[in-house]
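Biologist: I am new to this structure and would like a close look at one part of it. Please take me through that part in order, and then show me what lies elsewhere.

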Amino acid sequence: MIEDLSLSLLNSYKKTINSYDEVIDQNGQVKPHWRSLFDTLESIGMEELELRNQEIINKLKENGVTYNVYNADNGGNRAWKLDPIPFLIHQKEWQNIEKGIKQRAHLLDLILRDIYGPQLLIKKNIIPAELVFDNSGFLLPCFDIKQKLQNQLLIYACDMARGPDGKMWLLDNRTQSPSGSGYALENRTVMAKVFPELNKNIYRNRLSPYFNHLQQTVATLGNISNENPNVVYLTPGAGNETYFEHVYLSSYLGYTLVQGSDLLVRDGFVWLKSIDGLERVDVIIRRVDDEWCDPLELRQNSLLGVPGLLQVMRMGNVAVVNPPGTSVVENYGLLAFMQNACKFLLDEPLLMNSVATWWCGQPRELNFVLSNLHRLIIKKANRKQGFKSLYGRQMSKDELEKLRKMILQNPKDFVAQEEVSLSTTPSLIDGKLVPRFAAIRTFLVSDGNDYKVMQGGLTRSSPVKDKFVISNQLGGLSKDTWIVTDTPTEHYERIVVRKATNNQHNNSLTSRNAENLFWVGRLFERTMALTSFLKIVLDRLNENVNDKGKKQQEYLVVLLKSITHLTWSYPGFTNEEDDSILENPEPELFSLINDPRKVGSVAYNIQSFLRTSNQVSDKWNTDTRRILNLIEDNLQSLRDSHSINQVSHSLDRLYTRLFAFYGNIFETLPRDSGFYLLEAGKNIERILSLISVLRSAFSFKNNDEVETVLMEAVLENHHLLAQYRHIYKSHWSLVAVLNMVFLETNLPYTLAYLLDALSNCLAKLPKNIDSTRLNIAERTVLEAGTLIKLFDAESMIKADENTQYRTELDKTLEQVFDLISNVTGNLASLYFNHSVIQHSFLDTIEKINSDEI
């Protein structure tokens, strides 16, 4: 029965095919491995397939898998798209493909070494000099740099698609910092969870050997005396299009994720700036484009690289994967000369075809291109010029004439490629299985002499019928790529045993990440404190609905003004010239809750918290990332809330999710400096918010009825109300309340407890001098703690008879507030002062990356 249904599904799919397709072989028969896939899909059923597709979408969202799109209307983060239908290639065919792409990797490596060495290809006119020296990818300062291994091109990726002859054709080369391997691994992980049935009848090769080979190669690049090299993964930052992959791979491979500002050159070495001191770096896996790597010798305005990096490479004191300058062989124009270069360097023909390419810098080729513009694809030879490919068949006569003049102005800048018909593959689009164009990006890593090929890759397909639109920037879909076999294959991985472990580097805490973790703690608690207090105020407002024109209850006036003091959103409810804001507080409250542009609002704080959390996303586990996604959803629900009732429900959900975030990291983060800095930030913010509320509520004496309500609100806000009622029953005493809030050492929200906790956190941080002495931050907290321990509630609550101002109470709280505020500056001078974050430049420069997927 299943076979009949499968045939029905296949027949239905075959009716939609209008060119050659991956499912059908050259004899018009369905390939056996695709038939097995269709059998399984048929047994699942289309309705269930749609549900599984939605599950994929949810899992990718939960895991925070994104591809950042520059200048996007929705702010940039685009959810990663994974088609539930995988791309299949049989092992027998893959063996021939491997030979072709390994040959291409060796060839590009030899070309690279020749360009930055003897330049025989140019001298013998095999490659035109203009394609090298006029290319922005050729970096003269890299000419004399040679790394340890024979192969200089250590990581290589190429894009392939099935050509008109039924064989795979090479479409493009990626050499400077190939992206996509992390997305391929994530695709495989998600598919394995969502479609366990597919593992039963189809045997596929694993992806993990590629990453094991990468780790082994990186391990050989360290200095001889260090068998466990300190490896860092260099990213442009959170605004980069593939930042998710940078975080994902650095965590998966066990390398420290860094930005350029985390590294410095000193005494001929590259050093990592951690809060424990400087740590020597042996290997850099870079995801920063070539010219941005060293502002001293390359692009002077770069804030993403490391000044002096090239000189350290010349000295052999650091290895970079891939070395700067490798983008020169990504030049489209070189594709026209690959056959001759292969014969010259390898003495053999190319094993894998490329798309026919003509470089317009030669008269005969130029004439051919100009005569056939209407059927060719026109590109700039230098891909870094940001020129969008032009399809001649889609252009009008006037547009073709303009293109002709543009080419004639500077012919050597242009290349033309034949527009060939490529194969299609099944994709799930709008609930139907339909054919779509697709291309595979596969990845290779060198072991020094040869290349190891990933047994799979990142397939991208077009969501649009009859259009080859596969770029993720333009909305392309991704697919899990399977190299399938007829029988299960055993894979034995070579394990490298280290002889020494005393120099093993754990993931170091950079000064930048230390500062970010500290502010994650502060912004988390700031959002928590404001959310908690707003919930209390909204409850009191709902209990005491005020008719317009009537004076607001006194205790509500105090509570509303407290919100303004807590958020520093002046004048707000403290505006004495406008009483209407107190009579009708809802507009200001809504603004303080859901306006992301209002500094101090809940929405503004959530945005700041999420951005800062993203900067250290390599520190979070999967569950933490999922909670952060839920908090991000909460931000949208707050924006969509238009009534007090809706806002209250949104704040309740937000408060619960914030608690879940903190509970998760408290249970899972290692007790290292990062954890204690996060805790310090949380405690500092909690102390400051508690003091702000106390000053607003009790610095001026009110009548007994008002003060009773304020005492209840303050205790409720700081989770002390149940404890107070347990001890004092229904008796309300400001002295008792203040003694509890100030002096109780067993309750987590009291000043005494928080100051002790802050002091303990600071004591756990690295000491740069004699560990027996207190540093400036510890001394500041000790001074604040002493003021609290000397607190005398009886004298503190005394108020001036005329002004009702409690001078001693307010001044004491002000002193403690100022001291704790200074701790942030103390920590900056101790641990963060060499962390430079160029906010104004990162918004633009870090987004310059030609290696889009």
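Which residue in S17 is the bridge partner of tryptophan 358?

Modeller: This is a predicted model. The bridge partner of tryptophan 358 in S17 is alanine 416. That pair belongs to the contact between S14 and strand S17, residues 414–418, where three bridges join the two in the antiparallel sense.

Both strands are part of an open sheet of four strands, in the order S14-S17-S15-S16 and with antiparallel pairing. Strand S14 (357–359) and strand S16 (390–391) stand at its edges; each has a single partner strand, so one side of each has no neighbour in the sheet.

A helix lies against this sheet. Helix H13, residues 363–371, lies across S14, strand S15 (376–380) and S17, and runs at about 120 degrees to S14. Glutamate 365 is found in this helix, H13. Leaving out residues up to four places away in sequence, glutamate 365 touches Trp358 and Trp359. Trp358 is the tryptophan you asked about, the partner of alanine 416. Glutamate 365 is buried but has no salt bridge. The nearest side chain of opposite charge is that of arginine 364, 4.1 Å away, and a salt bridge needs the two charged groups within 4 Å.

Strand S4, residues 155–162, is mostly covered, with eight of its eight residues buried. In a regular strand the side chains alternate between the two faces of the sheet. In S4, Ile155, Ala157, Asp159 and Ala161 point one way, while Tyr156, Cys158, Met160 and Arg162 point the other way, and all are buried. S4 runs antiparallel to strand S19, residues 432–446, and six bridges join them; here tyrosine 156 has leucine 444 as its bridge partner. S4 also pairs with strand S5, residues 168–174, in the antiparallel sense over six bridges. In that pairing the bridge partner of alanine 157 is arginine 174. The hairpin of S4 and S5 has five residues between the strands, and glycine 166 in this hairpin takes a positive phi near 85 degrees.

Some backbone angles in the loops also deserve a look. Most residues other than glycine have a negative phi, and most peptide bonds are trans. Glutamine 119 has a positive phi of about 60 degrees although it is not a glycine, and it is found in the loop between helix H4 (91–115) and helix H5 (120–123). Asparagine 125 also has a positive phi of about 60 degrees without being a glycine; it lies in the loop between H5 and helix H6 (130–133). Glutamine 119 is buried, at a relative accessible area of 15%, whereas asparagine 125 counts as exposed, at 70% relative accessibility.

There are cis peptide bonds to note as well. One joins valine 321 and asparagine 322, with omega about -20 degrees; asparagine 322 is in the loop between strand S13 (319–321) and helix H12 (338–346). Another joins tyrosine 570 and proline 571, with omega about 5 degrees, and proline 571 is in the loop between helix H16 (554–567) and helix H17 (580–583).

Technical notes:
Residues numbered from 1 in each chain as written. Predicted model: local features only at pLDDT ≥ 70, side-chain atom pairs only at ≥ 80, totals over all residues. Heavy atoms only, no water. Buried < 20%, exposed > 50% of the residue type's maximum accessible area, 1.4 Å probe, protein only. Pairing = 2+ DSSP bridges. Contact = heavy atoms within 4.5 Å. Axes fitted to C-alpha atoms, helices over the stretch in contact; angles between N-to-C directions. Lys, Arg positive; Asp, Glu negative; His and termini not counted.
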